[in-house]
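Here are a few exercises to work through with the model open. Try each task before you read its solution.

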Amino acid sequence: MNSITRKLVSCALCIALGVLLPMAFHVIPNAGSIFLPMHIPVLICGLFCGWPYGLASGILTPFISSVTTGMPPAMILPQMMVELAVYGLVAGLCEKYIPQKNEMTKLYMSLIIAMLAGRIVNGLVNTCILSTQGYTLSVFMSASFITCLPGIVIQLIVIPVLVRILNKRIPA
């Protein structure tokens, strides 16, 4: 399988997983905002396939999920599309351009930078959209770092390991 075909198929699988995985979590109230299941495939896509595919995955995953399942709701869809697009874009750019020889160190650096960039951009977008509705720094911090702490921990444990396995099993 050539590199472009591998990336396209992998990206499509990440998008499909990004639609299906949250469905399993949404049987538990607020599980989406706690465990962030849609973020995992998008971050994997950026790290494994590169920034163009990560960006596409970040835009398409929440859109397709919203249209087909109603989650995320239309009210928060634009913010999620921007946040996840930044995750996929930055993860792919960092993975490509961080000059680190150790694969796991590079994956963790790329993942953490992408997670922070996505959250910061989400906070800026929410500030613009929700500033008249009481969106404050404490609301941002709570939603972006406290409520979703279990999801952040899962991402930091699972994503680098899965991407390393994919890199070994499905070479570029």
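Helices here are DSSP runs (H or I, at least four residues), numbered from the N terminus. This is a predicted model, so local features need pLDDT of at least 70 and side-chain atom pairs pLDDT 80 or more, while totals for chains, interfaces and linings use all residues. Residues are numbered from 1 along each chain as its sequence is written, and side-chain values use heavy atoms, with hydrogens and water left out.

**Exercise 1.** Find Arg119 and work out what surrounds its side chain.

Step one: look in helix 6, residues 103-130. Step two: check for a salt bridge (a side-chain nitrogen of Lys or Arg within 4 Å of a carboxyl oxygen of Asp or Glu). Arg119 has none, although it's buried; buried means under 20% relative accessible area with a 1.4 Å probe, protein chains only. Glu83, the nearest side chain of opposite charge, is 5.1 Å away. Step three: look for other partners. A polar atom of the Arg119 side chain sits 2.7 Å from the backbone oxygen of Ser144. Contacts (heavy atoms within 4.5 Å) beyond four places in sequence include Leu36, Tyr87 and Phe140.

**Exercise 2.** Count the disulfides, using a cut-off of 2.5 Å between cysteine sulfur atoms.

Step one: the count comes to 0. Cys11 is buried, at 7% relative accessible area.

Note on methods. Buried < 20%, exposed > 50% of the residue type's maximum accessible area, 1.4 Å probe, protein only. Helix = DSSP H or I, 4+ residues; strand = E, 2+ residues; numbered from the N terminus. Lys, Arg positive; Asp, Glu negative; His and termini not counted. Polar contact = N/O pair within 3.5 Å; in protein donor to acceptor, adjacent residues only side chain to side chain.
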